[in-house]
Amino acid sequence: MSGSETAAKTVKERAKEALRNDFLRQAVRFTTDRLRNARLQAAGEQGNWEAWRERGRQIRSHTIAHLDYYLNRFAENARANGAHVHFAESAEEAVRIVLAIAERKGARMVAKSKSMVTEELHLNRALENIGVKPVETDLGEYIVQLAGETPSHLIIPSIHKNRRQTADLLSKEAGEELPTDTPALAAFVRRRMREVFLAADIGMTGCNFAIAETGSIVVFENEGNARMVSTLPKTQITLMGMERIIPTWADLEVMATLLPRSATGQRLTVYMSGISGPRRPGDGDGPEELHIVIVDNGRSLQLGDPEFQELLNCIRCGACLNVCPVYRHIGGHAYGGTYTGPIGAVLKPAFRKNVAEWDDVADASSLCGACAEACPVKIPLHDMLVALRRRKVEAGRAKRPEALAMRAYAAVMGSAGRLKGALRLGRLAVKPIARDGFIRARIGPLAGWTRHRVFPAPAAEPFRERWTGLRLELEREPAAMDPAVRRRLEEALRRRQAEKREGGDERHGG
Amino acid sequence: MKVSLFITCLCDAFYPRVGEAMVRLLARHGIRTDFPSAQTCCGQSAFNSGYWEEARAAARTLLDAFADSDFVVSPSGSCVHMLHRYRELFRGDPSAQAKAEELCGKTYEFSQFFVDVLGIDDLGAKFPHKVTYHPSCHGSRLLGVRDEPERLLRNVAGLELVPLPYAEDCCGFGGTFSVKMSDISGAMVAEKAEHVLETEAEVLTGSDMGCLMNIGGHLRHRGRPLRVLHLAELLYEGVSGA
Ligand code: SF4
């Protein structure tokens with residue numbers, strides 16, 4: 001599997017490939033299991049997790065609702081700190097800005113710490129094209145880079161690789177057979193990265209949060225590489241999605257509580273760097289020049305869209321991937337985009353408003369809701385997937401057989417009389433292919449089902465036809481109702497009527 | 001007091017015995033039910049596939065069928081949850097939205113109705129078998145019916161409830177997903193079935209026939225058929241000594 005973004009194949013086809021790859025499935029299952037258990041434990045230890053999530057959601061929703069204000073504040077303050085702030089509307093523009101800086105600096109090597117936005121921009125390829133060597137310094141990203149792939153997970157880029165595959169890649173790079181144990185492999189990468197940190201002309205980082213009140217960038221990481229990248233090279237370029245903003249450092253406390261716990265189950269990230277401007281006189285280290293590139297690339301399309309604005313609340317923790325039963329089986333590359341899993345399935349089509357370009361990525365979900373339940377900022381991803389599907393249908397982009405089937409569905413289900421007739425026809429139709437109550441034939445639209453399951457034959461007598469006899473039978477010997485039960489029913493009814501008078505929300509559950 | 005059955009199209013066509021078990025259990029507690037025959041389907045499969053116009057055609061039959069019911073009871077948490085989506089489905093149609101709101105307020109999933117509304121969590125059933133329970137995503141995660149089925153099962157005499165590993169993971173049904181993305185769905189149900197078999201239970205039970213049809217159908221396809229019963233069926237068998 002190449003792992004590069006390609007529209008050549010459908011999610012369905014890529015998934016089929018992934019499903020045949022036992023290494024991949026085992027590796028993904030192993031790591032996501034670990035991460036999701038760790039998240040549950042960390043959330044439990046923290047306590048009041050629901051209240052933290054709600055607080056996180058509020059901060060993010062408030063910021064996004066006033067994004068123009070906070071972005072301006074951030075940019076003003078960052079500039080006052082001495083940083084160069086650039087706004088890029090498109091991926092191409094962002095790439096142009098970065099390449100111009102690299103050329104001006106005569107850069108030959110860029111040391112990168114983890115950044116999904118640079119993946120989104122395919123920045124490595126662009127740098128290579130002008131003869132600049134980008135080196136990923138995050139271990140997982142480095143492995144993926146050596147393999148010539150793209151990350152398949154937001155937090156664990158090389159989640160799809162097992163230890164053996166990793167050792168092979170690193171051995172090839174080392175030019176000698178490395179032992180497969182983690183300390184040995186890590187030691188090799190550490191030695192290699194030291195050279196990179198010292199030799200790089202530019203350090204490039206992502207940004208987890210940008211603090212509007214002081215114009216600061218905050219980077220979360222576990223390996224210390226982002227800190228090296230942002231202190232040793234003379235020039236630093238930080239790329240951030242335009243939605244990474246939070247208003248204050250106090251808000252960061254909430255994010256710092258939610259993000260590591262949701263991502264890996266850590267109570268704290270190992271390194272949390274706050275960067276407010278380039279090196280000042282008297283500073284021991286830090287870049288002489290700091291550039292911040294703020295990338296739109298489809299994000300602002302979500303603003304003001306009631307069904308998708310919350311998408312910008314995402315803090316890229318990866319929790320939705322780790323609990324997703326689809327991701328569990330097909331891994332990240334099958335999604336065919338930079339962002340994978342449930343969040344990727346929504347981001348990809350949402351960032352490209354043009355429905356004609358969507359493939360079937362929004363269909364790659366059973367809508368089980370595990371993603372929304374795990375999300376630290378409560379993004380209703382499963383509802384968004386349905387909204388995407390609806391927009392595709394509304395735009396006339398649905399597949400024709402499906403549209404016809406749905407029209408037939410509406411005709412039958414629009415009236416009980418027609419349903420009754422259809423049930424009768426259905427019974428007759430399957431008679432020749434049903435055996436001992438089940439259908440096994442792989443025909444027509446049933447084929448997808450019967451490849452993996454038997455399908456039940458319709459009952460000889462549907463409930464609606466059985467009903468009269470059943471009612472008459474039960475009426476012959478009615479049982480008495482327990483007075484306590486009667487009281488409860490009457491109370492429930494009274495309560496509901498009272499609520500209705502008060503115009504209160506009478507929903508339960510849901 | 002009018003308690004109506006929202007039978008769901010799946011139980012109507014394929015599993016009338018589930019509806020029957022539910023009706024008989026209610027009748028044993030003196031609850032007379034009626035079946036407004038204008039009902040067809042909640043519209044979920046069309047809704048989830050993006051065909052909201054088509055979903056509305058089905059949904060309207062429910063709004064009409066249950067207009068004058070005091071309570072509505074259904075053997076599917078997933079279909080009950082769908083009613084909670086009608087507010088969006090009927091955006092721009094305040095009268096349908098009001099009806100939908102009213103319907104949501106009085107509709108309960110089977111175990112929810114017994115435990116939360118009637119206050120009955122012991123039906124006096126006996127079922128001396130090893131049983132495992134699959135909590136369906138829509139019923140448990142989205143509708144919020146979490147403890148009720150287990151409380152009913154724990155009070156069944158002789159029943160040994162074996163916890164299902166990875167219980168909360170989706171079985172891969174997902175309506176049209178199972179046909180459209182059949183290989184992914186197939187991988188999901190295969191894993192679910194593994195976990196069911198691991199429990200060595202004699203009976204798999206649950207509160208949504210969609211999921212049970214999926215898991216049970218896969219087990220049979222694999223040549224490992226297991227008894228698969230809706231919770232209502234299991235309980236009814238347990239009280240009638242069948
Ligand atoms: S959608 Fe939620 S769970 Fe998924 S990566 Fe974003 S913040 Fe994390």
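I began with the contact between the chains (heavy atoms within 4.5 Å): 87 residues of chain A and 98 residues of chain B take part. I note that this is a predicted model, where local features need pLDDT of at least 70, side-chain atom pairs count only at pLDDT 80 or more, and totals for chains, interfaces and linings use all residues. Residues are numbered from 1 along each chain as its sequence is written, chains are lettered from A and ligands numbered from 1 in the order in which they are written, and side-chain values use heavy atoms, with hydrogens and water left out.

**Chain A against chain B**

I looked up the buried area, meaning the accessible area (1.4 Å probe) that two parts lose on being put together, summed over both. Chains A and B bury about 7,800 Å² between them, with 60% of it on carbon and sulfur atoms.

Next I took salt bridges (a side-chain nitrogen of Lys or Arg within 4 Å of a carboxyl oxygen of Asp or Glu). I have 16 between chain A and chain B. One that I checked joins A:Glu373 to B:Arg141, with the closest N and O atoms 3.0 Å apart.

I classed the side of chain A that touches chain B: 41 nonpolar, 13 polar and 33 charged residues. Here Ala, Val, Leu, Ile, Met, Phe, Trp, Tyr, Cys and Pro count as nonpolar, Asp, Glu, Lys and Arg as charged, and the others, Gly among them, as polar.

**Inside chain B**

I then turned to the domains, whose bounds come from an automatic or database domain assignment. Chain B has domain 1 (3–117) and domain 2 (130–240). Their C-alpha centres lie 21 Å apart. In contact are 27 residues of domain 1 of chain B and 23 residues of domain 2 of chain B. The two domains bury about 2,200 Å², and carbon and sulfur atoms give 68% of that.

I find one salt bridge between these domains. B:Glu233 also forms a salt bridge with B:Arg17, at 2.4 Å between the closest N and O atoms.

By class, I get 11 nonpolar, 11 polar and five charged residues on the side of domain 1 of chain B that touches domain 2 of chain B.

**Ligand**
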